[in-house]
Amino acid sequence: MTSMTEKQDEFDALLDSYLAELMAMSDAEVLDGEDPAALKAQGLQMLETAKTECGRRRLLAAKAQLANRKRESNKVAAPAVSSQEARAFLRKVSNDPRFTLAARGLDEMSDEDAIRLYDQIWRLERAGEEPTDDET
Amino acid sequence: MSSTEPPDSRLSLAEVEVEFRSFSGADWKRALSLARFCAAGLSDWTAETLVAEALVKLQSGERVWKRGVPPLVTLKTVMRSIASNNRKKARNGPIDQHATIDVGAGETDDASPPGIQAQDTRTPEEIVDERSQLRHIETLVEGDEDAQMVLMAWADGLRGKEAAQELGFDMNRYEAARKRLNTRLASAATLRKTT
C-alpha cells in the first residue's frame, strides 16, 4: 500500500506541476472566455475583505493581550508589610465605601488574617484602577 | 523562518498589498484555480475562502513573502499550508465530515430522537486513502483516460511539452486533457459551494 507520506509527496509534485502549467499558460488560455475585469474586481474585493479581517484580528489580539496583562497584574503580590502596617492600611480603607469592612473587628483579627486581608484589598484596589475593556 | 534573516529579505506589508493590487484578472483566476486544487477534499473550504485566508495571513504578517519569490508561488505555499492544517484538524476532530449516515435508522415508536447509523463499509485504509487530496483529484477525472494520464505525469514532476512527449500526446491533445481537468475541478468546487 502507498504510504500517506508518499501520497503527500506525489500531491506536492502534482501541485507544483499544476502551478507551473498555470504560470506558463497565456492570460487568454487561463481566462477561457471569462471577463478579466470581473475577476480583477472579485480579487480586489477579497483583498479589501482580508484587510478588514486583519484589523479585526489585530484588535482581538490586542484585547486578549490586555486581558492577559490584567490577569498577570492581579497576580502581583502586595508589598510585604508588618501586621501593624496591614492593620493601619485596613483601618484607612474601612472608610472607603467600595469595601465593606468593620474597623472594630481589626483588633480581634490575627496578624496572619490582617496581612491576608490587606493583600486581598490591595490587589482589589489595583484591579479597580485598571482600565476596563470597554474603555480601550 | 529564522529570526536572524535580514528584514529586507521579505516584502513589507505595504509591498505585499501593492503586489496583489497589481494582479490582473487572469492572475486572480490562476490564484483561484490553485486554491481549488489545494482545497480538494476539504468540506469546509472553498477556493474563495482559501485565497481570502491566505491574503489575511500575508497582509497581517503572520506569513511572510520572501523577496524574489513569485506571487503565485507564495500564495501556493501559504494555501497548501492552511489546507494541510485544516485537513489535520478535520481528521483529528470529533466530527467525521465524510461519514455517510442513515438518519432514522433504528427509529422507534416512542418520542426519542431518530437513530443514526453509519453506512460506510470501506476499510480504514480505503477511508484514509479516499480522503487524501491526490485520491480526491484522481476521482474527479475518473473515466477520462487522457486527463488521468496528465495527472500521473504531473505527479511525477513532468509538465508542459515534456509531459506531453512522455505521454505520447500532441500538444492539442495534452491541452484538451488539461482543460477538462480544470473544468472538472471548477465544477466540483461549485458543487461543494452550493451543497
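Helices here are DSSP runs of H or I, at least four residues long, numbered from the N terminus. G157(B) follows α7(B). The phi of G157(B) is positive, near 90°. I note that this is a predicted model.

**Entry 1: chain B overall.**
I listed the elements of chain B and got 9 helices and 2 strands. Along the sequence they run α-α-α-α-β-β-α-α-α-α-α. I then checked burial. Chain B has 195 residues, and 30% of them count as buried. Next came contact range. I took the contacts in chain B with a separation of 6 or more; 56% of them join residues 24 or more positions apart.

**Entry 2**
Which residues of α7(B) are buried? I found A147(B), V150(B), L151(B), A153(B), W154(B) and A155(B). I then turned to helix packing. Two packed helices are described by the angle between their axes and the distance between the axes. For α7(B) against α8(B), residues 160–167, I read an angle of about 120° and axes 10 Å apart. The crossing of α7(B) past α8(B) is right-handed. On the α7(B) side, M149(B), V150(B), A153(B) and W154(B) make the contact. On the α8(B) side I noted A163(B), E166(B) and L167(B). By class, this contact has 6 nonpolar residues, no polar and 1 charged. V150(B), A153(B) and W154(B) are on my buried list and also in the contact with α8(B).

**Entry 3: α1(B) against α3(B).**
At what angle do α1(B) and α3(B) pack? I read about 145°, with the axes 8 Å apart. From α1(B), the residues involved are L13(B), V16(B), E17(B) and F20(B). They meet L55(B), L58(B) and Q59(B) of α3(B). I sorted the contact residues into 5 nonpolar, 1 polar and 1 charged.

**Entry 4: the side facing chain A.**
I counted 36 residues of chain B in contact with 34 residues of chain A. Helices that each supply at least two residues to this side of chain B include α1 (13–21), α3 (47–60), α4 (71–92) and α7 (145–155). Which helix gives the largest share? It is α2(B), with 8 residues.

Note on methods
Residues are numbered from 1 along each chain as its sequence is written. Chains are lettered from A and ligands numbered from 1 in the order in which they are written. This is a predicted model: local features need pLDDT of at least 70, side-chain atom pairs count only at pLDDT 80 or more; totals for chains, interfaces and linings use all residues. Two residues are in contact if their C-beta atoms, placed from the backbone, lie within 7 Å. A residue is buried if 20 or more other C-beta atoms lie within 10 Å of its own, exposed if 12 or fewer, and partly exposed in between; C-beta atoms are placed from the backbone. Axes are lines fitted to C-alpha atoms, for helices over the stretch in contact, and angles run from 0 to 180 degrees between N-to-C directions. Ala, Val, Leu, Ile, Met, Phe, Trp, Tyr, Cys and Pro count as nonpolar, Asp, Glu, Lys and Arg as charged, and the others, Gly among them, as polar. A crossing is left-handed if the near helix is turned anticlockwise from the far one by less than a right angle, and right-handed if clockwise.
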